[in-house]
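Biologist: I would like to learn how to read a few features of a protein model. Could you take me through them one by one?

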Amino acid sequence: MIPLLRIELYKIFHRPRTYISFGIITAIALVIQLAMLADGKSFVGFALQAVSEQFDIKGNVLNGYLITYLILQTLLIHIPLLVALVAGDALAGEANIGTLRLLLTKPISRQGLVLVKFTASVIYAMLLLLWLAIVALGLSTLLFGTGDMINLKSDAFVMLLKDDILWRYLAAFAFAGLAMMCVAALALLLSVFADNSIGPIIGTMGIIIVLTIFSTLQLPIFDAISPYLFTTHMIGWKGFFDAPVPYDAIGRSALILLIYTFVFVAATIFVFNKKDILS
């Protein structure tokens, strides 16, 4: 399976379109950083207007940690689309160009092929997050420095000390990896039903958008199902920036994401084992 995984990774990173995702992440992060360099003080002053009337806030408020949080809030919503671009093409792309039969002539089971495709998609997603960490956290701290971080929530004001922040970002990126792994599994499941990658990519984003709407609409019928939707738990990384950190809620969200991932991959294997690749 290792040689086949190497081949899959080669195919992913040999395509020029793969690097569009890294370019998009870089461009959006740079736009936010440049905007904050130009007018960040006004933005922070407006955001802290109500708080400043009650607290005397000093120090480097506009620092790299705050900028990174703003970038994550923006980009972690859109990265699932970038993950779906690869995972949604994993099986459907092979069927489209007629190489699926050839792959199955190799000494590997259908289950093994699905697991290799899934692993390659997850590696791609993790590299996207690693690149996000470099351009968001690394570049932001280089441009804006470090300092205590203010997290303004809708119902709370959280002050995080400088020495208590870096581990939170490491944990947040790790949790985001679980969320992207779940998205990759969903896109791969849809890919097994299609003969081209357009359907799985659009289908993945459509499902995520619809379920996200269900998660955010505060209606009784949606409140009842929201805790069981994987999209509700994809934003669990934000919990690491609370004080105290809600470890129980984060752990529950991580477990739900892992269960969904297992179910999606198991369903993909089941369907692919039944799939007629000769027709």
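Modeller: We will go through one lysine, the salt bridges, a helix and a pocket.

Modeller: This is a predicted model, where local features need pLDDT of at least 70, side-chain atom pairs count only at pLDDT 80 or more, and totals for chains, interfaces and linings use all residues. Residues are numbered from 1 along each chain as its sequence is written, and side-chain values use heavy atoms, with hydrogens and water left out.

Biologist: Let me start with Lys117. Is Lys117 buried or exposed?

Modeller: The general idea is a scale of relative accessible area: buried is under 20%, exposed is over 50%, and partly exposed is in between, using a 1.4 Å probe and protein chains only. Lys117 has a relative accessible area of 2%, so it counts as buried. Lys117 sits in helix α8, residues 110–144. Helices here are DSSP runs of H or I with at least four residues, numbered from the N terminus.

Biologist: Which residues does Lys117 touch?

Modeller: Contact means heavy atoms within 4.5 Å. Leaving aside residues up to four places away in sequence, Lys117 touches Glu8, Lys11, Ala90, Leu91, Glu94, Leu103 and Leu188.

Biologist: And how should I read a salt bridge?

Modeller: Side chains of opposite charge can pair when their charged atoms come close. The rule asks for a side-chain nitrogen of Lys or Arg within 4 Å of a carboxyl oxygen of Asp or Glu. By this rule the count is five.

Biologist: Which partners does Asp89 have?

Modeller: Arg15 meets Asp89 in a salt bridge, at 3.1 Å from N to O. This pair links distant parts of the chain, 74 residues apart: Arg15 is in the loop between α1 (2–14) and α2 (18–47), and Asp89 is in the loop between α5 (79–87) and α6 (92–97). Arg17 also forms a salt bridge with Asp89, with the closest N and O atoms 3.0 Å apart. Arg17 and Asp89 are 72 residues apart. Asp89 is buried at 8% relative accessibility, while Arg15 at 25% and Arg17 at 43% are partly exposed.

Biologist: What about Arg168 and Asp164?

Modeller: Their salt bridge has its closest N and O atoms 2.7 Å apart. Arg168 is buried at 4%, and Asp164 is partly exposed at 30%. Elsewhere, salt bridges that share partners join Glu8, Lys11 and Lys117 into one network.

Biologist: How many residues of α5 are buried?

Modeller: Seven of the nine, so α5 is largely enclosed by the rest of the structure. Among them are Ile79, Leu82 and Val86.

Biologist: Last one: what lines the largest pocket?

Modeller: On a 1 Å grid over the protein atoms alone, a pocket is an open set of points where a 1.4 Å probe fits, with protein on both sides within 12 Å along at least five of seven lines; lining residues have an atom within 4 Å of a point. The largest pocket here is lined by 22 residues, with Leu76, Ile77, Thr212, Thr231 and Ile235 nearest its centre. Helix α10 gives the most to this lining, with six residues.

Methods. Helix = DSSP H or I, 4+ residues; strand = E, 2+ residues; numbered from the N terminus.
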